[in-house]
Amino acid sequence: MAIRYDATIASEIINNFDTKPEMLVQILHAFVARYAFISDEAIRQIADELNLSRADVHGVVSFYHDFRTTQPGKRIIKICQAEACQAMGSRDLTEHAKKSLGINLNETTRDGETTLEAIYCLGNCACSPAVMIDDAVYGRVDKRRFDSLTATAGAK
Amino acid sequence: MGQQTTVYVPRETAAVSLGANEVAVKLAALENVDLIRNGSWGASWLEPMVEVEVDGTRIAYGPITPDDVESLVDTNFLQGADHPLRLGPTHEIPYLIDQDRWTFHRVGRIDPLSIDAYTAFGGFSGLKKALDAGPGAILNELRTSGLRGRGGAGFPTAIKWQTVAEASGEQKYIACNADEGDSGTFSDRMLMEGDPLSLIEGMLIAGLAVGADKGYVYLRSEYPLTRTIFIQALSLARKHGWLGQNIQGSDFSFEIDLHLGAGSYVCGEETAMLESLEGKAGLIRYKPPLPALEGLFGKPTVVNNVITLASVPGILALGGERYASYGPGRSKGTLAFQLAGNVKRGGLVEKAFGLTLRELIEDFGGGTASGRPLRAVQVGGPLGAYIPEADLDTPMDYEKFAEIGAMIGHGGIVIFDDTVNMATQARFAMEFCAVESCGKCTPCRIGSVRGVEVIDRIVANENREANLALLDDLCDTMVDGSLCAMGGMTPFPVQSAVKHFPTDFLSPDGENT
Ligand SMILES: Cc1cc2nc3c(=O)[nH]c(=O)nc-3n(C[C@H](O)[C@H](O)[C@H](O)COP(=O)(O)O)c2cc1C
Ligand code: SF4
């Protein structure tokens, strides 16, 4: 379920980083950890409290892949697209994932369950292809293993 | 109560990605088992590798999936009994004994979150010497060692530290680059998961040497387990007086903050990393000024890779000369090579510089995982050249690699079999640059997008010769006109692919001349 934005809690998060502008990237991470994405409301409040312009905050949000600006699915599946995983068939695996979920990269299934994203290197390159489901990394993920993982792992 | 037996199951990303946590839970439930979650020895192809201590010898079994636990227990593995997956004593596994473990000598061996285990295997002896000897002697030892930066550029570490030490200013910083963005690399991760205190010790020594009291570790966000373990290590060090005010009663104080990256490859470049540490978008800074003089928040800053810093405690403890006795020419010491991609025995191999790429891939790696012929190897990450099989006898040496137009970088070795299409790989190099470019300069931002288009046209056989010439020009412009190595080195994988694998750039309909 999407967590409702709460200005008081948002303030607390910013406070946890001493309301310092140099902590902006870390603050945005904390927002993603709580709300799964960075909303317009969040950008406004962070800008206000850190004494930055909204454009400044927006610039940082849009620079980093981690800071998505739309509500993702309940479960986020990231498939490594970098060279070591390519060498072990990650392109095929990605096509398989798209087909079986019925979505492209950076899309969410219509039921709001699953978001599929690209990631560039999980550091699991000796056990490629690598997949991350929420915060858990899986190694040597072939199509069969992908299917069994998505049938169970990460379902909340 | 019967006698307790010590069992090790790694708490390390690769092992965990293959079920080590489930294995650990099952084994911990056995009676009379003391479970230790160690780091990985680096033989990732054997993970999850379970070890049992029998009469002081560690007997290894692997790879042990959660499904294997039952049969393991049935065969009385707690006494080291035979089993189809028994590997024998850990210290006799050829993959491990043939290495030169310097930076990684405790990794796999110890509980990463035990100060006692750390000190029992030499931990903090480098720092103690450094505290006694003082900054000048630390820099001397480092100079003697010949240590060069392991993040990619291979810059002599002693010179960097000396510049910061001599810079004026009260506030100086140590910034550890743990962004580890290159595909095919995981040595920073394995070190931080398996022996995090050695990185902390290295940063303390750096702080002492240059007069800094504050350090930052910039860790990629793609490493959640590493983050958890490193946070635990920081609080452990604080609790035992190895971080904070007046470390071990000395007049030296030092603190370390952990920051997370946010999925940007270019933030591994040191000036982009500093911007990111300041909370901003990771745009590359113009150099000069050097970060050593005007770095984080404009203050003199040492920026070093994890492996660089974690190699320092050993250099202080055992002497720079000992370190320099490894490796040929100007490639002194050891490097933690990482065998990745399509390789049978993937993992981490720490060796003195000088062995050949073939020795690493064949003797350690055992060739491709698929069993098909090897076709290309990319060394040094996404900006590294593709190397054909004919060049595999090149020694792992910074200068020898430069001679063949390649680079060692952070030591990642990605192996491809003969199913690879090198035009696809060249296209990816350009595409990756387009996705990750910080956008500050045109040759990189626009050139990479154009590069993708031109490669598409070549493969589609549109004005082939003209487009190949255009690709060459484009690459030259990127090499000459880019502000940093992102745009400046992306042409290396592209041009090496064209040069060594020209047939892959022919159109599939075979109409090319
Ligand atoms: C695009 C790009 C990405 C880089 N990524 C990393 C990285 O992930 N980790 C790293 O240590 N160095 C990386 N570097 C190299 C750093 O800029 C810098 O040279 C290094 O951190 C210095 O530390 P060292 O001297 O200990 O190697 C990168 C460089 C470039 C141009
Ligand atoms: S080469 Fe690319 S990444 Fe480097 S400064 Fe220019 S635009 Fe940024």
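Reader: Which strands does helix α12 of chain B lie across?

Author: In this predicted model, helix α12 of chain B, residues 270–277, lies across β6, β7, β8 and β9 of chain B. The helix runs at about 110° to β6(B). Helix α13 of chain B (306–318) also packs on the sheet, where it touches β6 and β9 of chain B. The direction of α13 makes about 95° with that of β9(B).

Reader: What is the order of the strands in the sheet?

Author: The order is β8-β7-β6-β9 in chain B, an open sheet of 4 strands with parallel pairing. Because β8 (255–260) and β9 (301–305) of chain B each have a single partner strand, they stand at the edges, and one side of each lacks a neighbour in the sheet. On average, neighbouring strands are turned by 20° against each other, direction ignored.

Reader: How many bridges join β6(B) to β9(B)?

Author: There are 5 bridges between these parallel strands, β6 of chain B comprising residues 173–178. One pairing to inspect is that of B:Cys176 with its bridge partner B:Asn304 in β9(B).

Reader: Which residues come nearest to ligand 1?

Author: Of the 18 residues around ligand 1, the nearest are B:Gly151, B:Glu270, B:Asn304, B:Asn305 and B:Thr308. As for backbone contacts, a polar backbone atom of B:Glu180 is 3.0 Å from an oxygen atom of ligand 1, and a backbone N or O atom of B:Gly268 lies 3.2 Å from a nitrogen atom of the ligand. Ligand 1 taken alone exposes 620 Å², of which the protein buries 91%.

How values were computed. Residues numbered from 1 in each chain as written. Chains lettered and ligands numbered in written order. Predicted model: local features only at pLDDT ≥ 70, side-chain atom pairs only at ≥ 80, totals over all residues. Heavy atoms only, no water. Pairing = 2+ DSSP bridges. Helix = DSSP H or I, 4+ residues; strand = E, 2+ residues; numbered from the N terminus. Axes fitted to C-alpha atoms, helices over the stretch in contact; angles between N-to-C directions. Contact = heavy atoms within 4.5 Å. Near = heavy atom within 4 Å. Polar contact = N/O pair within 3.5 Å; in protein donor to acceptor, adjacent residues only side chain to side chain. Areas by Shrake-Rupley, 256 points an atom, 1.4 Å probe, with all protein chains shown as cover.
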